[in-house]
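Dear colleague,

Please find below the structure that I am handing over to you. I would be grateful if you could look at it alongside the notes that come after it.

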Amino acid sequence: MGNYYQALIAVDASESEASSLGDRAVAWLVARGIVAAELTDCVLGGERLGRRPGPGCALTTDEDGPFAPYNHGFRICGLDVAPCRSVTVGWPAPAACPRCGWTDPIEGDGGELTDQWWRIADALGEWHKGGPGLVDCPSCVLPVGLNDWQPDFLASWAVGQLAFTFWNWPVLAKSFIADFSQALGGHRLRHASFKI
Ligand SMILES: [Zn+2]
């Protein structure tokens, strides 16, 4: 079995505020017992340490039943905070231009990925290297930001300067994401997940 992760990316956080905003977020999470204050070896995907779930971790989900990573002794069960240029890519899903409504199914009839998906994939790679993160709509021929092609919840991808990645946590509740956004001063949070 693999490891499932969910990222909440503060897509409009600036590079200069990412670090202080990340600290503020951690303080809010620790105060509610959602994560532990100590940094331990409990996340993947980087050289950083993470924070294990705390006694209040179930506040983050609507799912019933035992809180999986906390109760099953997973080693990889923590929260990683990355105050740096971050890209999360999950399962392809349909995307629509927010301006003209042109819709790309992403997966064609045979399950294949479409040209639009590859344009998006290219733009994600370029954004990571410092690019603008724009993809021209094939219909209205105007650039659309990478984060604007799909709704923020259960998105296929997200880019930003501050990422919170929850490893092997149950699906984060929209109500928790809204509260967390408020704790960050109303910053827009985009949610993307994947399994590796
Ligand atoms: Zn368009």
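This is a predicted model: local features need pLDDT of at least 70, side-chain atom pairs count only at pLDDT 80 or more; totals for chains, interfaces and linings use all residues.

Residues are numbered from 1 along each chain as its sequence is written. Helices (H or I, at least four residues) and strands (E, at least two) are DSSP runs, numbered from the N terminus.

Domains

The protein is divided into domain 1 (4–86 + 154–195) and domain 2 (94–148); such bounds come from an automatic or database domain assignment. The centres of domain 1 and domain 2, taken over C-alpha atoms, are separated by 26 Å. Domain 1 gives 6 residues to the contact and domain 2 gives 7 residues, where two residues are in contact if their C-beta atoms, placed from the backbone, lie within 7 Å. On the side of domain 1 that touches domain 2, the largest share, 3 residues, comes from β8. That side of domain 1 divides into 4 nonpolar, no polar and 2 charged residues. Here Ala, Val, Leu, Ile, Met, Phe, Trp, Tyr, Cys and Pro count as nonpolar, Asp, Glu, Lys and Arg as charged, and the others, Gly among them, as polar.

Helix α1

Helix α1 (residues 18–31) has 14 residues and reaches 20 Å from its first C-alpha to its last, close to the 20 Å expected at 1.5 Å a residue. The expected span of a helix is 1.5 Å times one less than its number of residues. The buried residues of α1 are A18, L21, G22, A25 and L29. Seen down the axis of α1, these buried residues fall within an arc of 100 degrees, so they line one face of the helix; the arc is that of the directions from the helix axis to the C-beta atoms. A residue is buried if 20 or more other C-beta atoms lie within 10 Å of its own, exposed if 12 or fewer, and partly exposed in between, with C-beta atoms placed from the backbone. On the other side of α1, S20, D23, A27 and A31 are exposed. The buried residues of α1 pack against β1 (4–10), β2, β9 and α4. G33, which has a positive phi near 70 degrees, follows α1.

Helix α3

The 14 residues of helix α3 (residues 115–128) should span 20 Å at 1.5 Å a residue, and its end C-alpha atoms are 20 Å apart, which agrees. Q116, W117, I120, A123 and W127 are the buried residues of α3. They fall within an arc of 120 degrees seen down the axis of α3, so they line one face of the helix. On the other side of α3, D115, W118, D122 and G125 are exposed. The cover over the buried residues of α3 includes β3 (86–89), β5 (103–104), β6 (134–136) and β8 (157–160).

L124 also lies in helix α3, and it counts as partly exposed because it has 19 C-beta neighbours inside 10 Å. Not counting residues up to four places away in sequence, L124 touches V87, V89, L146, W157 and V159. The C-alpha atoms of L124 and L146 are separated by 7.5 Å, although these residues are 22 residues apart along the chain.

Strands

Both faces of β8 are covered: W157 and V159 on one side, and A158 and G160 on the other, are all buried. β3 and β8 pair in the antiparallel sense over 4 bridges, and V89 stands opposite W157 in β8. Two strands pair if DSSP finds at least two bridges between them.

Strand β2 (residues 79–82) is likewise covered on both faces, with L79 and V81 on one side and D80 and A82 on the other all buried. Strand β9 (residues 163–167) is joined to β2 by 4 bridges, and the two run antiparallel. A82 stands opposite A163 in β9.

Backbone angles

Most residues other than glycine have a negative phi. V141, which is not a glycine, has a positive phi of about 60 degrees. V141 is found in the loop between β6 and β7 (143–145) and counts as exposed, with 8 C-beta neighbours inside 10 Å. N168, also not a glycine, has a positive phi of about 65 degrees. N168 lies in the loop between β9 and α4 (174–183) and counts as buried, with 24 C-beta neighbours inside 10 Å.

With kind regards
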